[in-house]
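Q: Some labels on this model rest on cut-offs. Please take them one at a time and say what each rests on.

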Amino acid sequence: MSDARTGTADIGVVGLAVMGANIARNLARKGYKVAVYNRSYSRTEKLVDEHGDEGTFIPSEDIADFVASLSRPRVAMILVQAGAGTDAVIEQLAEYMEEGDIIVDCGNAYFKDTIRRERDIQARGLHFVGAGVSGGEEGALEGPSIMPGGTPESYKRLGPMLEEISAHVDGEPCCTYISNDGAGHFVKMVHNGIEYADMQLIAEAYDLLRRGLGDSPAQIADIFESWMDTELNSYLIEITAEVLRQVDAVTGKALVDIVVDAASQKGTGAWTVQTALELGVPVTGIGEATFARGLSSSPVQRGASGPLEGHEQPIKVVDREGFIEQVRQALYASKIVAYSQGFDLIQAGNDEYGWDIKKGDLAKIWRAGCIIRAVFLGDITEAYENNPDLPLLMADEKFASKINACVPAWREIVGLGVASGIPIPAFSSSLSYFDGVRADRLPAALIQGQRDFFGSHTYKRIDMEGTFHTEWSGDRSETRWS
Ligand code: NDP
């Protein structure tokens with residue numbers, strides 16, 4: 001490396017595929033000198049050739065030169081394929097970096113990997129920041145939502161740059177320090193889980209509308225577009241209308257009727273559900289959304305369903321506008337449940353891993369830049385600002401009054417979906433969850449009795465302290481075990 005370039009870059013980006021190239025451009029456009037490196041040099045050349053005039057890029061062909069081009073304390077953002085690719089790059093960087101330097105992993109890492117990596121890297125005198133980044137290609141360039149973890153000390157150096165390149169709402173950045181080690185990637189994981197739920201709920205609303213009204217995809221697009229004027233206003237509703245309006249150039253049919261109905265997943269939904277199971281938190285909306293993708297992608301089971309009879313009752317919609325409004329309300333109520341559950345999971349992760357996550361701040365940084373950006377998130381911020389210890393988001397005064405107003409339509413629509421054989425796993429499980437948290441008594445008492453019967457697992461009584469067991473195979477008398 002020539003001396004003139006040594007130590008001149010404000011920040012570096014490793015990995016110049018879709019996300020890395022756009023983050024590097026975003027940084028350069030904001031006036032930062034950006035060191036860039038990619039395993040295959042062709043991507044680096046492409047970035048500099050096509051966008052070199054957008055700012056100052058300092059390209060390197062090898063990692064040693066890349067590190068040398070950074071000013072101290074050095075900051076290198078990694079945007080490579082999550083998993084083994086990330087570990088390989090971290091190792092290469094750590095070899096050349098020095099005490100106090102900062103490695104930032106902006107990939108979709110599993111938060112437990114981030115906890116491990118932070119521990120290993122910190123032992124080598126470096127800082128490690130796991131930062132969740134949402135917004136895809138466009139967000140990376142124009143302003144993503146960024147969720148950085150790591151040490152508060154590293155945020156002092158890194159934070160101002162990340163905040164500057166993030167999306168902004170009312171002058172506020174969609175980036176804030178989340179908490180230590182894996183907290184940033186944990187909240188990004190739950191963000192993606194909520195995204196799964198939101199998408200599934202929208203898909204179920206579309207299915208109900210299409211089958212109920214017999215409308216074309218373009219007509220349903222109009223309905224979704226009109227919902228942009230309601231509390232459902234969000235990026236996902238907006239793009240739903242666009243996707244439904246798209247016409248296939250080959251057949252002239254609606255694209256949505258040409259696309260194979262098997263939804264893929266890259267893993268963050270499954271991580272969210274696995275983590276929720278580990279922490280014992282019901283995230284039924286996210287779970288059903290993840291399983292619905294699995295069902296859609298199960299050709300063997302779907303292909304073998306021939307002998308099964310549905311006994312469906314066809315939907316007869318007499319009041320078109322009334323039906324559309326009922327579906328909208330059912331979607332809105334189910335969405336509140338999905339977000340409420342997602343925030344429960346964040347709270348549980350926070351407690352389990354000793355973080356200090358501010359839930360109101362999360363809703364604030366998700367208001368723009370990310371895939372779940374929505375007007376609705378402003379209400380969530382307000383709810384947590386009014387009460388940071390709110391135990392159940394949907395029971396916040398404002399949300400409770402909104403969800404309560406939707407309940408009659410919600411029940412009607414779920415009943416209609418069930419009767420007419422339209423699969424609505426996320427709508428119906430959200431309503432069941434709502435009824436579950438509201439119930440004075442749950443049949444869990446019976447389950448406790450069954451558990452005690454076959455496994456002497458004991459039970460508690462509502463009328464006295466202690467743990468009890470019934471002698472089920474004996475005289476059925478009750479003994480107090482503690
Ligand atoms: P990809 O996930 O497709 O990864 C490709 C990049 O990883 C290339 O630069 C490739 O280098 C590099 N790479 C792969 N393996 C290695 C390795 N062993 N050593 C060095 N470099 C390696 O790129 P994306 O831009 O789509 O995503 C980057 C990260 O951002 C991922 O972790 C992804 O999960 C995350 N992310 C992506 C979003 C998106 O919308 N795409 C949104 C939010 C986060 P080479 O060119 O040499 O092959």
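Q: What makes strand β2 (residues 33-37) largely enclosed by the rest of the structure?
A: In this predicted model, 4 of the 5 residues of β2 are buried, so the strand is largely enclosed by the rest of the structure. Buried means under 20% relative accessible area, exposed over 50%, and partly exposed in between (1.4 Å probe, protein chains only). Strands (E, at least two residues) and helices (H or I, at least four) are DSSP runs, numbered from the N terminus.

Q: How do you know that β2 pairs with strand β3 (residues 56-59)?
A: Two strands pair if DSSP finds at least two bridges between them. Here 4 bridges join β2 to β3, and the strands run parallel. Lys 33 has Thr 56 in β3 as its bridge partner.

Q: Why is the contact between Arg 328 and Glu 325 called a salt bridge?
A: The term requires a side-chain nitrogen of Lys or Arg within 4 Å of a carboxyl oxygen of Asp or Glu. The closest N and O atoms of Arg 328 and Glu 325 are 2.9 Å apart, so the pair meets the definition. Both residues lie in helix α14 (residues 320-353), 3 residues apart.

Q: Is Arg 328 called buried or exposed?
A: Its relative accessible area is 9%, so Arg 328 is buried. Glu 325, at 31%, is partly exposed.

Q: What do these values rest on?
A: Local features need pLDDT of at least 70 and side-chain atom pairs count only at pLDDT 80 or more, while totals for chains, interfaces and linings use all residues. Residues are numbered from 1 along each chain as its sequence is written, and side-chain values use heavy atoms, with hydrogens and water left out.
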